[in-house]
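User: I am new to this structure and would like to learn how to read it. Could you take me through some features, one at a time?

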Amino acid sequence: MGFAERIPGFAERILASLSEYRKTSMVPIREPKTYSILLADDLTLVREGLAALCQTQPHLRVVGQCSEGAQALRIIETQKPDIAVLDLGLTDLFALEIVRRVREQKLPTRIVVLSTRRDRKTVVEALRAGVNAFLLKSGPSNQLLEAFDQILDGGIYVSPLLELDKIFTSSHKAGPEDPLESLSAREYQVFSLLVEGVRAKEIAARLELSPKTVDTYRASLMRKLDIHDVAGLVKFAIQRDLTSAS
């Protein structure tokens, strides 16, 4: 059984949300208002491009831009924007850690994650964490606006560039015996940062964990994958298209 299937009804809820939105997307169900947007990406050009796109829509207003995860979290906590757009690779505080904190505090902000990674486990772990929309940076700009509309209507949005049947069902690349599926959410976060070249001390800071705890997760994930050095993890990640450069 895959990691998505271990959550009772998880895949069904996601797919039902997408299906329901397709049925009702032509029917306006929101009161007209202006929605506040936070943009968080470490590249200024990307943020400015996203802001320019939002400015083409009279019902969207960018209330904040930042390049670091900790600042993004502070803005969400203080200003409570309707939508926060977060780069998955934010520095200093991991994007999914921001999502976890926002959900723990029961803040109303809907969260859109932008990613260069498209592997199955990354997508599902993001949705499990409480992300409202998962978009690829390689996708067209209109998908961001589609995502805004869908999540403001209470739905969940996954980039059409991703094949949902492969995300929520096992395949020859991610079958029931796939050791990657045995990794916990935390172990997979540590794995993801390790293969991107992030040092253990920085991983601890980004995930708000102690260095000792990160070492424990690293030892555990290496044991589960039967890989015993970082170079081996990087090779494994490249072979499986699990790096941001893939």
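User: Is Asp82 buried or exposed?

Analyst: Start with the ground rules. This is a predicted model, where local features need pLDDT of at least 70, side-chain atom pairs count only at pLDDT 80 or more, and totals for chains, interfaces and linings use all residues. Residues are numbered from 1 along each chain as its sequence is written, and side-chain values use heavy atoms, with hydrogens and water left out. Now the term: buried means under 20% relative accessible area, exposed over 50%, and partly exposed in between (1.4 Å probe, protein chains only). Asp82 has a relative accessible area of 17%, so Asp82 is buried.

User: Which residue does Asp82 meet in a salt bridge?

Analyst: The general idea first. Side chains of opposite charge can pair when their charged atoms come close. A salt bridge here is a side-chain nitrogen of Lys or Arg within 4 Å of a carboxyl oxygen of Asp or Glu. Asp82 pairs with Lys33, at 3.8 Å from N to O. Lys33 is partly exposed, at 42% relative accessibility.

User: Where do Lys33 and Asp82 lie in the chain?

Analyst: You need the element names here. Helices (H or I, at least four residues) and strands (E, at least two) are DSSP runs, numbered from the N terminus. Lys33 sits in the loop between α1 (10–24) and β1 (35–40). Asp82 sits in the loop between α3 (69–79) and β3 (83–87). The two are 49 residues apart, so the pair links distant parts of the chain.

User: How many salt bridges does the structure hold?

Analyst: It holds 14. One of them joins the side chains of Glu208 and Arg101, at 2.3 Å from N to O. Glu208 is in the loop between α9 (200–207) and α10 (211–225), while Arg101 is in helix α4 (residues 95–104), so this pair ties together parts 107 residues apart in sequence. Glu208 is partly exposed, with a relative accessible area of 45%.

User: What does Lys224 pair with?

Analyst: Lys224 meets Glu187 in a salt bridge of 2.9 Å, N to O. Lys224 belongs to helix α10, and Glu187 to helix α8 (residues 185–195), 37 residues apart. Lys224 is partly exposed, at 28% relative accessible area, whereas Glu187 is buried, at 5%. Salt bridges can also share partners: Glu97, Arg100, Glu104 and Arg186 are joined into one network that way.

User: How do α4 and helix α5 pack?

Analyst: Compare their axes. Axes are lines fitted to C-alpha atoms, for helices over the stretch in contact, and angles run from 0 to 180 degrees between N-to-C directions. Angles under 35 degrees count as roughly parallel, over 145 as roughly antiparallel, 65 to 115 as roughly perpendicular, and the rest as oblique. α4 and α5 (residues 120–129) pack at about 20°, with axes 9 Å apart. They are therefore roughly parallel to each other.

User: Which residues make that contact of α4 and α5?

Analyst: Contact means heavy atoms within 4.5 Å. From α4 come Leu96, Val99 and Arg103; from α5 come Glu125, Ala126 and Ala129.

User: Where is Ser159, and what is it in contact with?

Analyst: Ser159 is in the loop between β6 (157–158) and α7 (164–167). Ser159 counts as buried, at 0% relative accessibility. Leaving aside neighbours within four places in sequence, Ser159 is in contact with Phe134, Leu135, Leu136 and Gln143.

User: How many helices and strands are in the protein?

Analyst: There are 11 helices and six strands. Of the 246 residues, 48% count as buried.
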